[in-house]
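Hello,

Here is the structure you will be taking over. Please open it first, then read my notes below.

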Amino acid sequence: MPLFIVHHRHSPEACPARDPAQGATLLSHLSRPSAARHGVLIKAEAVARGSHSLYFIAEAADETVLQAFLAPLRQAGEVEVTAAMTCAAMVASGGCDRRPVDVSAGVLNPADVCQDATEAGLLIHSAHPLNCETSVPDLAGGAVMPNGRFYLRNHFDIPSLDEESYRLSIGGLVERPLSLSMRELHNLRAESLVVMLECAGNGRSLFDPAVPGEAWGLGAVSTAEWTGVHLIEVLERAGLRPGATELTFRGADSGVVNGHGAPVRFERGLSLDQVRETKALLAYEMNGEPLSRPHGYPLRLIVPGWYAVASIKWLTEIVVTDRPCGAYFQAERYWYNWVRNGQAERAPVKLMNVRALISSPDEGEELPCGETAIRGVAWSGAGTICSVDVSLNGGPWRAARLVGERRRAAWQWWELITRLEHSGPLNVRARATDMSGRTQPEHAEWNRLGYGNNSIHSVTAQVI
């Protein structure tokens, strides 16, 4: 509903609060239950002490409804109504002097989803489309990230799909083209997997020189338990025809990109062998709850071990073919572009690089002398974590203890209990090694679009 700022002012002589009966009557009228009966939602109110002015923020279907509710205030003094917007709506629309973004019935209001993300404590990078990361200290905690604090990466507006009319289309080189409802998918054998997702651009802001794109810090990563149906089982129901080797996945999100006049769908591809190897899942639940709309409701592809660009949200179509996907986000984006020995080289973004993050201490945190715990998370797309090493103030690498079950597709908790003997700056560095032998580099190789930055993480705290 539209948002308004209401300013009521009266003369000192006519102050309603001086008359207990009149003041009580106005107070009752302005109560939230009373306002709701008049079709008005009061968000907040305050009286400026000594100024004989009342301010409040209200939502109403339109200004006519609000003005009718304000009649008793006009009898006591002057009333000024100003059309307003939330801070999230202002950012989503591009500035205070812009009109709110026109939103079609097919997408969520960018201001609303941005407001939800802000209230959940996510760090906002852009509101339209919504891109926000989890703060690194918030990564500390349980085995999974609460849904509201799970980072969000979008290229376009968030679709608003209806589960009743939703269908997953599977066609191309199949014996039996399918159009599956959510009820039919729920009736298939369910599987739950704990899988972490990381944006390929996580850590992009740390590249030097700077690269284009969302300037992610280190919090574009989260873990959840996903429940759904193994993709390969659904494909087997459709029956793969001879020559079927590749799959293209299409999401419901679309928009205009540079160099293309017409809207572009978000599409990515995987080979049939990659689907089998990763045990890709068609997920409809996240941490025991139905997928939220920002996270792909009603169905999302989850590809364990791969950067999250492969885990298509709002999945509506799967096309089985005999050739690799050539869509925009497959052919023109999500490639490493290097210059090596004077020659241009490129490689597709696939498996997540090995990486460890320090969740505690936080940058600039004060720590007391004595025993303390250095903690964090580590992960890799190529295999489970073999070891995490920690260095304090440039000293030798010391092995941290790996905490909990080792899972290839989920992050690994680690900790180092140490004793801090002297006050002053404390520089903490952490590096991870996976079972395939990959170890974090001192500095990740720079690439033009800023993907896969897994440089050794370093934080500086203060011992007091």
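R429 and E442 form a salt bridge, with their closest N and O atoms 2.4 Å apart. A salt bridge here is a side-chain nitrogen of Lys or Arg within 4 Å of a carboxyl oxygen of Asp or Glu. This pair links distant parts of the chain, 13 residues apart. R429 is in strand β26, and E442 is in the loop between β26 and β27 (457–463). Helices (H or I, at least four residues) and strands (E, at least two) are DSSP runs, numbered from the N terminus. R429 counts as buried, at 16% relative accessibility. E442 counts as partly exposed, at 45%. Buried means under 20% relative accessible area, exposed means over 50%, and partly exposed is in between (1.4 Å probe, protein chains only).

Before you go further: this is a predicted model, where local features need pLDDT of at least 70, side-chain atom pairs count only at pLDDT 80 or more, and totals for chains, interfaces and linings use all residues. Residues are numbered from 1 along each chain as its sequence is written, and side-chain values use heavy atoms, with hydrogens and water left out.

D389 is buried, with a relative accessible area of 14%. R431 is partly exposed, at 24%.

R401 and E415 make another salt bridge, their closest N and O atoms being 2.6 Å apart. Here the link runs between strand β24 (residues 401–403), which holds R401, and strand β25 (residues 412–420), which holds E415. The two are 14 residues apart. E415 is buried, at 13% relative accessible area.

There is also a network. Salt bridges link R250, R265, E267 and E317.

T316

Which residues does T316 touch, leaving out those up to four places away in sequence? They are L161, Y166, R167, L168, S169, R250, G251, A252 and R265. Touching means contact, with heavy atoms within 4.5 Å. R250 and R265 also belong to the salt-bridge network. T316 itself is in strand β16 (residues 315–321). T316 is buried, with a relative accessible area of 14%.

Aromatic rings

The structure holds eight aromatic pairs. In F150 and W226, the ring centres are 5.8 Å apart and the planes stand at 85 degrees, so the pair is edge-to-face. The rule: rings of Phe, Tyr and Trp (its six-membered ring) pair if their centres lie within 6.5 Å, with planes under 30 degrees apart counted as stacked, over 60 as edge-to-face and the rest as tilted. F150 lies in the loop between β6 (130–133) and β7 (168–172), and W226 in strand β10 (residues 221–230), so the pair ties together parts 76 residues apart in sequence. F150 is buried at 1% relative accessible area. W226 is buried at 0%.

Y328 and F329 form an edge-to-face pair too, 4.8 Å centre to centre, with 90 degrees between the planes. Y328 is buried at 9% relative accessibility. F329 is buried at 3%.

Two arginines sit over rings. The charged end of R340 is over the ring of W338, 3.9 Å from its centre. R346 lies over the face of W335, 3.6 Å from the ring centre. The test is NZ of Lys or CZ of Arg within 6 Å of the ring centre and within 35 degrees of the ring normal.

Helix α6

Which residues of helix α6 (residues 110–120) are buried? They are P110, A111, V113, C114 and A117. These cover an arc of only 165 degrees around the axis, so they are on the same side of α6. The arc is that of the directions from the helix axis to the C-beta atoms. On the other side, D116 and E119 are exposed. An α-helix has 3.6 residues a turn, so residues three or four places apart point the same way.

Now the ends of α6. N109 caps the N-terminal end, with a side-chain oxygen 2.8 Å from the backbone nitrogen of A111. This is a polar contact: N or O atoms within 3.5 Å, where within protein one must be able to donate a hydrogen and the other to accept it, and residues adjacent in sequence count only if both atoms are side-chain atoms. After α6 comes G121, whose phi is positive, near 95 degrees.

Best wishes
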